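Here is my notebook from an afternoon of looking things up in a structure. Have a look at the picture first, then follow along with me.

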Amino acid sequence: MIKLTENEQRIASKIRQLKEAAGSHSPSIFTIAEELPELNIKVDACFLSNPYATELFLEYLKKELVDTNKLRDVLEFYPSQNDVVADVISKSININKENIFVGNGAIEVIQAVMHNFVGKKVMVNIPTFSSYYEFAREDTEVIYYQLDKKDDYGLIADKYLEFVKKENPDSVVIINPNNPNGGYLKYKDLRYILNNLKEIKNIIIDESFIHFAFEDEGYSLISATELYKEFSNVIVIKSMSKDFGIAGIRAGYGVMDKYKVTKLLKNGYLWNSSGLSEYFFRLYKRDDFFEEYEELRKKYITEAQSFFKELSEISQIKVYPSMANFALIELLDRSTSADFVSKMLIKYGVYTRTGSDKIGLTGEFIRIAGRTKEENRIIINSIKDMFKNG
């Protein structure tokens, strides 16, 4: 069982204060470093991103903007308007630009959709990403569908459909893979659900972690975006922060009916992309960049799955099956998630996330992101040492 020393308890108290100030999200590593300069933070396994993709983006940024002195133009001048950036994205995902809404990160798309299109009743699976119920309008009733711990918090299609038919919401939210457990709904099962929910006004599919999921040995990319062409009630939301490791430039988009896109653009959102996010989206449609990215994506998946497997061999924890780049971990030795997170950060310099604020989790949970192979080794060794020495 994990125990904190008196000094660790003092620092842990400050960590809890920072977490409370951040609400249902985690304080950034910059905030922690600034407020607790005594900590030596080595690995950020709280934020969910592909570090190899970040390096690739930086290589292109340096070569094409910094070394050529074009970065000044990107910073000094306005980026293109929303519909121009949407046209760029359309060439990458094979969807008409009229059906693409570009957001200042996926979080802006989520907020726009929840405020403008969700009506009297929305159904949200739990545990999941909290913004989908936090951003609901005051006049919208939020119905929670509790994912079963016996099913590893996975979404079982027929059980889910039975609940939807009973509650009759106008909108439902499916995050695939789900956060915080990485549970994945296969493409055929997702399509089965859509076929049986044609009466639902909005089916919001958040696939911000889809680049880490796979259904074959070649790790082929899977996306629900194509399903929009068949099911007009589908809204697909995509963050680029996780798979490309670029949360700092705020890049995301939504795919939806063109009347919805038109309505949002009439309400603002004219220049909500930064110059750097526009540069990224123009990279995103280039074959040379994407071919390099694909190699790194598959490398990262391989290393992440190996990391989860090795984590599962530690007897004091249970690792839930994940098709994302993070693992939900349940503590089995009566340790608390708060003590785990604090000890890992204070003693070992590894930042992880508590699951104590996640509605729908029963037990003591933490979430750990996969990092580079070297950083994963630090995480594994730190956890083993922590349980060994208490």
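Before I start, I note that two strands pair if DSSP finds at least two bridges between them. Helices (H or I, at least four residues) and strands (E, at least two) are DSSP runs, numbered from the N terminus. This is a predicted model, where local features need pLDDT of at least 70, side-chain atom pairs count only at pLDDT 80 or more, and totals for chains, interfaces and linings use all residues. Residues are numbered from 1 along each chain as its sequence is written, and side-chain values use heavy atoms, with hydrogens and water left out.

**Entry 1: strand E5 and its partners**

I looked up E5 and found five bridges joining it to strand E6 (residues 202-206), in parallel. Val 172 has Ile 203 as its bridge partner in E6. To get from E5 to E6 the chain passes through helix H9 (residues 187-195), a right-handed β-α-β crossover. Right-handed means that, with the strands pointing away from the viewer, the path from the first strand over the helix to the second runs clockwise. E5 is also joined to strand E3 (residues 121-126) by three bridges, again running parallel. There, Val 124 stands opposite Val 173 of E5.

**Entry 2: an open sheet**

Next I traced four strands in the order E9-E10-E13-E12, an open sheet with antiparallel pairing. E9 (317-319) and E12 (353-354) each have a single partner strand, so one side of each has no neighbour in the sheet. Strand E10 (residues 326-331) and strand E13 (residues 365-369) are joined by five bridges. Glu 330 stands opposite Phe 365 in E13.

**Entry 3: helix H13**

I checked the length of H13 (residues 287-311). Its 25 residues, at 1.5 Å each, should span 36 Å, and the end C-alpha atoms are 36 Å apart, which agrees. The expected span is 1.5 Å times one less than the number of residues. Among the buried residues of H13 are Phe 289, Glu 294, Arg 297 and Leu 311.

Key: Buried < 20%, exposed > 50% of the residue type's maximum accessible area, 1.4 Å probe, protein only.
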